[in-house]
Amino acid sequence: DNGYKFMMFTRSCDLERLTSLLSGHYGIDLGGTVYRIPLHEQPAFRCYARRSYSGAAAWCPAHFCPPSHPLMTEADAHRVMDALVDALPQCRVEAD
């Protein structure tokens, strides 16, 4: 694993609210996502989809990547995790 992105999955959190809260209150910017819309639902790839992909459809809109980079210290990692522990309950929504 090269540590480029570490993905986290949640269907019980409003990710827009989490992103805003982490950035505004904690000064932490999330590392982005991989695909918010699954490939089989994107216009350029729709013609190749031969079926629905329920796993991708569930995963894509419900994942986020916390900060990760080679110069990140253990203290940085703890600060990010502490912020997530505090922020996630504030962003809770009913799971589908």
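Let's start at His63, which is found in strand β2, residues 63-64. Helices here are DSSP runs of H or I with at least four residues, strands are runs of E with at least two, and both are numbered from the N terminus. This is a predicted model: local features need pLDDT of at least 70, side-chain atom pairs count only at pLDDT 80 or more, and totals for chains, interfaces and linings use all residues. Residues are numbered from 1 along each chain as its sequence is written, and side-chain values use heavy atoms, with hydrogens and water left out.

Back to His63. Is His63 buried or exposed? His63 counts as buried, because its relative accessibility is 1%. The cut-offs: buried is under 20% relative accessible area, exposed is over 50%, and partly exposed is in between, with a 1.4 Å probe and protein chains only.

What does the side chain of His63 reach? It reaches the backbone oxygen of Cys60, at 2.8 Å. That is a polar contact, meaning a pair of N or O atoms within 3.5 Å; within protein, one must be able to donate a hydrogen and the other to accept it, and residues adjacent in sequence count only if both atoms are side-chain atoms.

Now the surroundings. Leaving aside neighbours within four places in sequence, His63 is in contact with Met7, Met8, Phe9, Leu15, Thr33, Val34, Tyr35 and Arg36. Contact means heavy atoms within 4.5 Å.

Next histidine: His40. It lies in the loop between α1 (15-26) and α2 (54-59). His40 has a relative accessible area of 15%, so it is buried. Not counting residues up to four places away, His40 touches Arg46, Ala49, Arg51, Tyr53, Ala56 and Ala57.

Phe45 lies in the loop between α1 and α2. Phe45 is partly exposed, because its relative accessible area is 38%.

How many aromatic pairs does the structure hold? It holds 1. Phe9 and Trp59 are stacked, 4.8 Å centre to centre, with 5° between the planes. The pair links distant parts of the chain: Phe9 is in strand β1 (residues 8-9), Trp59 is in helix α2, and they are 50 residues apart. Rings of Phe, Tyr and Trp (its six-membered ring) pair if their centres lie within 6.5 Å; planes under 30 degrees apart are stacked, over 60 edge-to-face, the rest tilted. Phe9 is partly exposed at 39% relative accessible area, and Trp59 is partly exposed at 32%.

One more residue. Glu16 is found in helix α1. At 70% relative accessibility, Glu16 counts as exposed. Glu16 and Cys91 are 75 residues apart in sequence, and 8.9 Å apart in space, C-alpha to C-alpha.

Last, the whole chain. It has 3 helices and 2 strands, in the order β-α-α-β-α. Of its 96 residues, 24% count as buried.
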